[in-house]
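Here's a quick briefing to read alongside the model. Have a look at the fold, then work through the points below.

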Amino acid sequence: LTDTFQLRNKVEIPCIGYGTWKTPDGETASASVRTAIELGYRHIDTAAAYGNETSVGEGIRESGISREQLFVTSKVWNTERGYEKTLHAFEKTCQDLGTDYLDLYLIHWPASVNQFENWEEINISTWKAMMELYKEGRVKAIGVSNFMPHHLKALMETDIIPMIDQIEFHPGWMQKETVKYCKENTIQVEAWSPLGNGRVLNHPNLQQIAQKYGKTVAQICIRWCLQHQVLPLSKSVTPSRIKENSEVFDFSLLPEDMEQIDKMENFGNSGSHPDKIDF
Ligand code: A2P
């Protein structure tokens with residue numbers, strides 16, 4: 001869990017993150033974040049839109065691990081994009097989390113909120129605020145989430161290109177074009193829902209591979225992400241699973257098993273397409 005990927009700007013990012021999407025606010029969020037940190041996770045991924053930043057912040061403080069030893073990510077939500085609003089949203093997130101800086105700040109979603117908003121313009125003005133926060137040292141790295149190549153291209157002419165793209169990535173949903181584009185442009189890919197939000201866990205191919213290695217399907221999915229150089233953000237509120245999802249450093253998937261997983265049929269995404277905001 002202390003292994004890292006290195007971003008383009010030399011920032012080291014712990015290679016597995018603890019995700020908090022869908023984690024209920026309150027005691028569940030604070031206790032599970034505290035448990036994750038106690039079990040060795042040093043990378044916590046949250047977002048204003050998850051509605052649990054205050055509790056996530058509590059969990060971080062209750063863990064007793066110093067802020068500098070942790071890597072904390074948050075994201076600016078769609079309704080808060082634009083230069084001024086992003087700066088404001090950043091301060092609110094810091095206040096809720098109880099920190100005065102973030103390790104990583106992302107634009108959460110590329111699409112327009114309504115027909116009057118141009119996604120390209122709104123992302124560029126948001127990116128100006130992100131670059132400013134980065135230059136001021138308030139964030140150690142900046143990036144985007146759910147961006148496909150056409151969304152990323154719109155930011156490629158700016159002073160600082162995104163260092164991270166956090167996308168949905170799991171067996172049966174690999175977004176190969178986006179991953180290829182990111183690799184070519186030294187943009188680190190992070191995987192949200194590396195277990196397909198639990199949907200891949202009963203797949204017979206994965207169960208067979210898991211049995212071969214004496215591991216669980218969840219561990220196979222997380223290891224598969226790591227071997228693709230994609231940073232998994234595993235999410236669980238169950239202590240035994242939080243632990244299980246971190247125990248992936250004592251084995252490697254053989255090339256033929258990587259290939260078999262890569263070839264799995266299309267599982268589809270979780271239902272939210274980057275070009276739409278329909279949730
Ligand atoms: P829970 O949080 O109740 O433990 P993803 O990260 O792909 O979105 O998947 C998250 C879902 O998968 C959650 O419902 C979570 O349940 C479940 N989950 C997480 N880790 C495991 C695991 N090791 N075994 C089985 N289910 C898991």
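Let's start with two helices: α1 (residues 27–38) and α2 (residues 53–62) pack at an angle of about 40 degrees, and their axes are 7 Å apart. Axes here are lines fitted to C-alpha atoms, for helices over the stretch in contact, and angles run from 0 to 180 degrees between N-to-C directions. That angle makes α1 oblique to α2 (under 35 degrees is roughly parallel, over 145 roughly antiparallel, 65 to 115 roughly perpendicular, and the rest oblique). Helices (H or I, at least four residues) and strands (E, at least two) are DSSP runs, numbered from the N terminus.

Keep in mind that this is a predicted model: local features need pLDDT of at least 70, side-chain atom pairs count only at pLDDT 80 or more, and totals for chains, interfaces and linings use all residues. Residues are numbered from 1 along each chain as its sequence is written.

**The barrel**
- You'll find 8 strands closing into a barrel, in the order β3-β4-β5-β6-β7-β8-β9-β10, with parallel pairing (strands pair if DSSP finds at least two bridges between them).
- On average, neighbouring strands of this sheet are turned by 30 degrees against each other, direction ignored.
- Strands β6 (residues 102–107) and β7 (residues 139–145) run parallel and are joined by 5 bridges.
- Across from A141 in β7 stands L104.

**The ligand**
- There are 18 residues around the ligand, and S193, L195, A218, S236 and T238 come nearest (near means a C-beta atom, placed from the backbone, within 6 Å).
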